[in-house]
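Visitor: Hi, I have a model open and would like to talk it through. Could you take a few questions?
Guide: Happy to, go ahead.

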Amino acid sequence: MADELPYHAQLPFTFGALEQDAGSFDRAGAVILPVPFERTTSYVPGTKNGPREIIAASSQVELYDEELGREICDIGIHTLPGMESPFASTEEALAEMRRTASWLAREGKYFVALGGEHALTAPLVAGVAEHHPGVSVLQIDAHADLRDQYMGDPYSHASAMRRTLDYAPCVQVGIRNLSAPEAAAIPSLNTTVFYDWNMRQDAAWMNRVVDALGENVYVTIDLDGLDPAIMPAVGTPEPGGLSWRELLGLLRLVMTTRTVVAADVVELCPIPGFVAPNFLAARLVYKLIGYRFCLA
C-alpha cells in the first residue's frame, strides 16, 4: 500500500522507522515497550519524554551494525504502543506494567522497555520472574536506589532496586552516589555492588560482574550510569561513570556468557535542541537487541 502512494509518506513511528503489520508481533524476535511513566522524579523532570525521543532518534540509526556485520533488524523488531498510566495510584500503574511484562515473557518475547523513570524496573522484573525463575538483575546506574522509601514513597525511583530485590538478586555497577542508610543496609541485602571509584582497580572487573550473575539475566540501564560527558540528558547527572566502550564491553560479555531475557533503558531526560544523548540511547537499545541475537 505505502509503495503505491503517489507521494513520499512519513516514516512510521516505530523503533528504527521499521515497517510493521498487525501480525508482525508474532514473528518478531525483539519487542520495544515504551513506558513513559513519571511520577516520582525528584530533581529535573522530563523522563516521560524519553521513550518518544529514543524512538524518534532511532530513525537515524543505520540498520547495518558494523561491529556485528549485519542488519540487526532482520531478526524482527516490533514496537508496541506506548503504555498509558490513567490510574489514580502508582501501585495500579506498576501492577499494569507487571502484567504486561508477564504477558511478554509468557509469549517468549525478548523485550526492551524504554523509560520513563527507574521505578518501572521492579514491576517489569516481577513479571519476567514469573516465567524465568531464578532470574538475576544487572543494573548500570550512578545511584544505588536502595532506599526502603523516599519522601514517604516506597515506590519512588530512589527505591527502584530495593523493590526489585523482592523478586530477584541484583548486581549493581557504576554506583557512585548513595545515602548512609543505603550503605548500612547493603551487607544484609541480596545485592553485589561495584563502586565506580574502585572497580577498575581490578583489571578483571567485568568478569567478576558476570560471575555474580545467575544464568538468566534482566538488564536495567539507568542512563546516568554513563559518564555525563557523553550522557548529560539525565535528571541527576553524577561525575564519573562508564564510558560507551566500557558499557558495550560489559554488555557483550554478559550476552555471550548468560541468557538475557529482557532489558530496560530508563531516565533519559531529553534536552530540547540537543539530540546527541537521544541518539546514544537509541543506539544502545539497538545494541541490546543486536548482542542478544547476533553474537556467535
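Predicted model: local features only at pLDDT ≥ 70, side-chain atom pairs only at ≥ 80, totals over all residues.

Visitor: Thanks. Where does E267 lie?
Guide: E267 belongs to the loop that runs between β10 (259-266) and α9.

Visitor: And what is phi of E267 near?
Guide: Phi is near 75 degrees there, which is a positive value in a residue other than glycine. A17 has a positive phi too, near 55 degrees, and is likewise not a glycine.

Visitor: Where is the place of A17, then?
Guide: You'll find A17 in the segment before α1 (24-27). With 14% relative accessibility, A17 counts as buried.

Visitor: Where does T47 lie?
Guide: T47 is in the loop between β1 (30-35) and α2 (50-58). Its relative accessibility is 0%, so T47 counts as buried.

Visitor: How many residues apart along the chain are T47 and G116?
Guide: They are 69 residues apart along the chain, yet their C-alpha atoms are separated by 4.7 Å. G116 itself is in the loop between β5 (110-115) and α4 (121-129).

Visitor: I want to check the backbone there. Is the peptide bond from G115 to G116 cis or trans?
Guide: That bond is cis, with omega near 20 degrees.

Visitor: Let's zoom out. How many helices and strands are in the chain?
Guide: The chain has 9 helices and 10 strands. Its radius of gyration is 18 Å, close to the 19 Å that the globule rule gives for 296 residues, so the chain is as compact as a globular protein of that length. The C-alpha trace spans about 65 × 45 × 40 Å along its principal axes.

Visitor: What share of the residues count as buried?
Guide: Of the 296 residues, 55% count as buried. The accessible surface comes to about 12800 Å², and 52% of that belongs to carbon and sulfur atoms.

Visitor: What about contacts between residues at least 6 apart in sequence: what share join residues at least 24 apart?
Guide: That share is 77%.

Visitor: And charges? How many positive and negative ones are there?
Guide: The chain has 21 positive and 37 negative charges, and their mean positions are 3 Å apart.

Visitor: New topic: Q172. Where is that residue found?
Guide: Q172 is in strand β7 (residues 170-175). At 0% relative accessibility, Q172 counts as buried.

Visitor: Which backbone oxygen lies 2.9 Å from a polar atom of the side chain of Q172?
Guide: That would be the backbone oxygen of A144. Setting aside neighbours within four places in sequence, Q172 is in contact with Q139, A144, L146, M161, T191, T192, V193 and F194.

Visitor: Now helix α9. What can you tell me about P277?
Guide: P277 is found in helix α9, which covers residues 276-294. P277 has 0% relative accessibility and counts as buried. Beyond neighbours within four places in sequence, its contacts are M231, P232, A233 and L268.

Visitor: Last one: is A126 buried or exposed?
Guide: A126 counts as buried, at 2% relative accessibility. This alanine is found in helix α4 and touches R98 and Y167, with residues up to four places away in sequence not counted.

How values were computed:
Residues numbered from 1 in each chain as written. Heavy atoms only, no water. Helix = DSSP H or I, 4+ residues; strand = E, 2+ residues; numbered from the N terminus. Rg over C-alpha atoms; globule rule 2.2 N^0.38 Å. Buried < 20%, exposed > 50% of the residue type's maximum accessible area, 1.4 Å probe, protein only. Contact = heavy atoms within 4.5 Å. Areas by Shrake-Rupley, 256 points an atom, 1.4 Å probe, with all protein chains shown as cover. Lys, Arg positive; Asp, Glu negative; His and termini not counted. Charge placed at Lys NZ, Arg CZ, Asp CG, Glu CD. Polar contact = N/O pair within 3.5 Å; in protein donor to acceptor, adjacent residues only side chain to side chain.
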